Amino acid sequence: MEQRTEIGELGEFGLIEHLTRNFEIQNASTVVGVGDDAAVLDHFGKQVVVSTDLLIEGIHFDLMYTPLKHLGYKAVMVNLSDIYAMNATPTQITMSIGVSNRFSLEALSEFYEGVHVACEKHGVDLVGGDTSSSQKGFIISVTAIGEVAPDQFVKRSTAQQGDLICVSGDLGGAFLGLTLMEREKKIFLENPQVQPDLENENYIVGRLLKPEARKDIIQFLAAQHIVPTAMMDVSDGVSSEVLHLCRQSNLGCRIYEEKLPVSEDSRKAAYKFGLDPTVCALNGGEDYELIFTLKQEDYDKITLNEEISVIGYMTAIEEGCKLLTKGGNSFDITAQGWNAFQK
């Protein structure tokens, strides 16, 4: 039988020390990390970018099918994605958790293992946080801090008419992974003897449980001396994010259905579940890709990167926000994506 250590045995300081003992400092800007009253950061004349996210069990994740190590990894990734979406480099995070006595020390150690892998992969330091008891469930709050050369940050509100709209990677996979997991959960709850069958759908399950923040895209843009005119990450679905860019930049847009990047694995899974791949790509959340606008003269440079797709362009506000279908029809884009306040 697996060992189980009650968290209460360690006390708060003992717990933090135990969970963070393997984290080593990787950034010169981290002067004092975990273990004091506050972290000390020195950013050498660079501008500091800060973002924070709250993840709540039963709202943002389901532990019935989310391994704790994957959850730790994802909790970091979704925050780093926000920093990359500002054209910045993440350097530090703080991690606060609220846990009930359902969770043992071993369970939390597994969660922090995922946090550690994510931090190492992106060269980020864990510099603080808090632990608290929670009456039920698991609550995670992560704050990410990044740095950017003065005035190289990119906002959502600065796109220009005629700019190309680009997206990294492919879309809809995480939503399809969630669809599969929720279906298997329902079957399992009705009949616990039936073991979940993930039908070799490794790709869409991975997109849900282990998303990757797009450091590579930010590095590519920097290497090509491209500064996007506006940018954000795709957490709520491309349709919602495009509308944010349009609303905040006071513009309209044209998006081409045939240009939306959907992986072959996602396309097949969508058909198997009786779903339209385009609807999944437009409205499925949690892909954590980057959506950004570029000046048209940067088009030739981005063709060098197979991970970037041009899906449309920005228009005058009077022209509205339209999706042009493969059949030549035009529809208003509506925000059908994830809304945290609607169940």
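This is a predicted model: local features need pLDDT of at least 70, side-chain atom pairs count only at pLDDT 80 or more; totals for chains, interfaces and linings use all residues.
**Cores.** I began with the largest nonpolar core, which has 55 residues. Ile-93, Met-95, Ile-97, Phe-111, Phe-138, Ile-140 and Phe-292 have the most contacts inside it. Helix α2 (residues 68–84) gives the largest share of this core, 10 residues. I also found another core lying apart from it, with 25 residues, including Val-167, Leu-245, Cys-246 and Met-314.

I then looked up Ile-97. Leaving out residues up to four places away in sequence, its contacts include Leu-108, Phe-111, Tyr-112 and Phe-138, and also Asp-130, Thr-131 and Ser-132.

**Helix pair.** Next came α4 (residues 173–190) and α5 (residues 202–209), whose axes come within 7 Å and cross at roughly 100 degrees. That falls in the range of 65 to 115 degrees, so α4 is roughly perpendicular to α5. On the α4 side I noted Leu-176, Leu-180 and Met-181, among others; on the α5 side, Ile-204, Val-205 and Leu-208 are among the contact residues. The contact residues divide into 9 nonpolar, 2 polar and 1 charged.

**Salt bridges.** I have 20 of them listed for the structure. Lys-121 and Glu-212 meet at 3.2 Å, N to O. This pair joins helix α3 to the loop between α5 and α6, 91 residues apart. Lys-121 is partly exposed at 44% relative accessible area, and Glu-212 is partly exposed at 26%.

Buried or exposed, I asked of Glu-289 and Arg-214? Both are buried, and their side chains meet at 2.9 Å, N to O.

Definitions and conventions: Residues are numbered from 1 along each chain as its sequence is written. Side-chain values use heavy atoms; hydrogens and water are left out. A nonpolar core is a set of buried Ala, Val, Leu, Ile, Met, Phe, Trp, Tyr and Cys residues joined through side-chain atoms within 4.5 Å. Buried means under 20% relative accessible area, exposed over 50%, partly exposed in between (1.4 Å probe, protein chains only). Helices (H or I, at least four residues) and strands (E, at least two) are DSSP runs, numbered from the N terminus. Contact means heavy atoms within 4.5 Å. Axes are lines fitted to C-alpha atoms, for helices over the stretch in contact, and angles run from 0 to 180 degrees between N-to-C directions. Angles under 35 degrees count as roughly parallel, over 145 as roughly antiparallel, 65 to 115 as roughly perpendicular and the rest as oblique. Ala, Val, Leu, Ile, Met, Phe, Trp, Tyr, Cys and Pro count as nonpolar, Asp, Glu, Lys and Arg as charged, and the others, Gly among them, as polar. A salt bridge is a side-chain nitrogen of Lys or Arg within 4 Å of a carboxyl oxygen of Asp or Glu.
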